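Me: I am new to this structure and would like to learn how to read its features one at a time. Please start with the general idea, then turn to the case at hand.

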Amino acid sequence: MIVKPKVRGFICTTAHAAGCKASVQEQIDYVKSHKHAEKGPQKVLVVGASMGYGLASRIAAAYSFGAATVGVIFDKPASGARTATSGWYNTAAFEEIAANDGLYAKTVNGDAYSKEIKDQTIALIKKDLGKVDCVVYSLAAPRRTMGDGTVYSSVLKTVGSAYTNKTINLKDNTVNDITVEPASEDEITATVKVMGGEDWKDWIDALKAADAIEDDAVTVAYSYIGPEITHPMYADGSIGKAKDHLFATAKEMTASGSIRAYISVNKALVTQSSAAIPIVPLYISILYKVMKEHNVHEGCIEQMYRLLNEKLFAQPVITDDEGRIRMDDLEMQPEIQAEVDKLWKEITTENLDTHADLDGYHKDFYRLFGFGIDGVDYDADIDPDVQILSMNW
Ligand code: NAD
């Protein structure tokens, strides 16, 4: 089958197996070619391991420290004329390459919020690894189904009053004003249920109850702060309320036992999740331009390599005054933000090319699905039916 991108709204409904494999290989090569901290985790559980920051965390742990990794993903294999999801291909590629390099890597596919998937994952950990010493929690999900069938859906809205600012329409590359409406109390509660810390703590509690986590284990979840223009939409919006809960949960978990829980505030990057947030993609494309010009641009793998090797497993862990790890340190540098702010004020449809790295944004978006990767022949006939090695255990 010859696979081409088919974009609908914020996602691409096709994914390219060979492209995803090449992208995973590039990320592995990046980590392999950099020097590693002396000490790091050996047995790592990554919840949300198939794309974006979770996948990069898995790769960084495996190839910095030789860590055994168990990944929890929620992806679909190919079926008939449909390709698999890119997360499926990424995971298949990661497991295959890791196995060739003598690294343990197994994956559980299903809803991470469910008890069934937690039980299945913990059974696998106990059988193969005994206990994990690090848990990365990197879910970005639109909804959460509770044990009793109740479904909570997260929203990307403001809190309090509506907010109007610029956004980009990525279909026709135009800059327009958008008004984001405030979330209702119920919507805020639902967003906190989905993206807050409750499920993260459920994972840690379940691992503890099963004696499947080391007493001195480290766990990390990801957050975002960003500049003021994005605050009404993000940090002070419904998703920000969930992130506040995530941070409060980290503090609670650390205070209540020997496990240390951290929040890492990561850089804004193109991922399947961030593409859906109003205003943020325009900010990201301006940010890319400015950070690339200053030679400080990073993608997920550079961020997660740096997180594990330079911050989370440094002695002592490097945090800000509030105890958060700041992987947005380069993004938030005053000179970077001053330039972004200037361009933000001036940007219109007419000057998009000079004021933003739209090309970089689009390239990164297509790369998420395995398209536009150097060295991949996109006219070649490929078999979309790729298996994940460990799914046969
Ligand atoms: P992503 O969409 O690339 O990855 C999310 C992962 O979660 C995917 O592997 C997906 O398959 C998995 N997932 C979703 N629902 C699941 C479920 N029910 N069960 C199992 N797996 C499920 O997103 P991302 O941007 O890498 O986000 C990861 C975390 O990083 C989120 O907490 C996000 O808020 C945070 N973050 C993202 C950015 C950014 O700019 N992208 C910046 C800072 C922090």
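Reply: A polar contact is a pair of N or O atoms within 3.5 Å; within protein, one must be able to donate a hydrogen and the other to accept it, and residues adjacent in sequence count only if both atoms are side-chain atoms. Here a backbone N or O atom of alanine 112 is 2.8 Å from a nitrogen atom of the ligand. This is a predicted model, in which local features need pLDDT of at least 70, side-chain atom pairs count only at pLDDT 80 or more, and totals for chains, interfaces and linings use all residues. Residues are numbered from 1 along each chain as its sequence is written, and side-chain values use heavy atoms, with hydrogens and water left out.

Me: How many residues surround the ligand, and which are the closest?

Reply: A residue is near a molecule or strand if one of its heavy atoms lies within 4 Å of it. The ligand is surrounded by 30 residues, the closest being Ser50, Tyr53, Lys243, Thr271 and Ser273. Backbone atoms also reach oxygen atoms of the ligand: an N or O of glycine 52 at 3.5 Å, and an N or O of tyrosine 222 at 3.5 Å.

Me: How do I read a helix, and what span should H1 have?

Reply: Helices (H or I, at least four residues) and strands (E, at least two) are DSSP runs, numbered from the N terminus. The expected span of a helix is 1.5 Å times one less than its number of residues. Helix H1 (residues 17–32) has 16 residues and should therefore span 22 Å; its end C-alpha atoms are 22 Å apart, which agrees.

Me: Which residues of H1 are buried, and what do they pack against?

Reply: Buried means under 20% relative accessible area, exposed over 50%, and partly exposed in between (1.4 Å probe, protein chains only). In H1 the buried residues are Ala17, Gly19, Cys20, Ser23, Val24, Gln27, Ile28 and Val31. They pack against helix H2 (52–65), helix H3 (86–100) and helix H9 (300–312), where contact means heavy atoms within 4.5 Å.

Me: What is a salt bridge, and how many does the structure hold?

Reply: Side chains of opposite charge can pair when their charged atoms come close. A salt bridge is a side-chain nitrogen of Lys or Arg within 4 Å of a carboxyl oxygen of Asp or Glu. The structure holds 26 of them. One of them joins aspartate 101 and lysine 32 (3.8 Å, N to O). Aspartate 101 lies in the loop between H3 and strand S5 (105–109) and lysine 32 in helix H1, so the pair ties together parts that are 69 residues apart in sequence. Aspartate 101 is partly exposed at 36%, and lysine 32 is partly exposed at 44%.

Me: Are lysine 118 and aspartate 199 buried or exposed?

Reply: Lysine 118 counts as buried at 7% relative accessibility, and aspartate 199 is buried at 1%. Their side chains meet in a salt bridge (2.6 Å, N to O). This pair links distant parts of the chain, with lysine 118 in helix H4 (residues 115–128) and aspartate 199 in helix H6, 81 residues apart.

Me: Where is lysine 166, and which side chain of opposite charge is nearest?

Reply: Lys and Arg count as positive and Asp and Glu as negative; His and the chain ends are not counted. Lysine 166 is in strand S9 (residues 163–169). Lysine 166 is buried but has no salt bridge, and the nearest side chain of opposite charge, aspartate 177, is 6.8 Å away. Its side chain reaches the backbone oxygen of tryptophan 344 at 2.7 Å, and a polar atom of that side chain lies 3.0 Å from the backbone oxygen of lysine 345.

Me: What should I look for in the backbone?

Reply: Most residues other than glycine have a negative phi, and most peptide bonds are trans. Isoleucine 279 has a positive phi of about 75° although it is not a glycine. Isoleucine 279 lies in the loop between strand S12 (260–265) and helix H8 (280–293), and counts as buried at 0% relative accessibility. The peptide bond from glutamine 315 to proline 316 is cis, with omega near -5°. Proline 316 sits in the loop between H9 and strand S13 (325–326).
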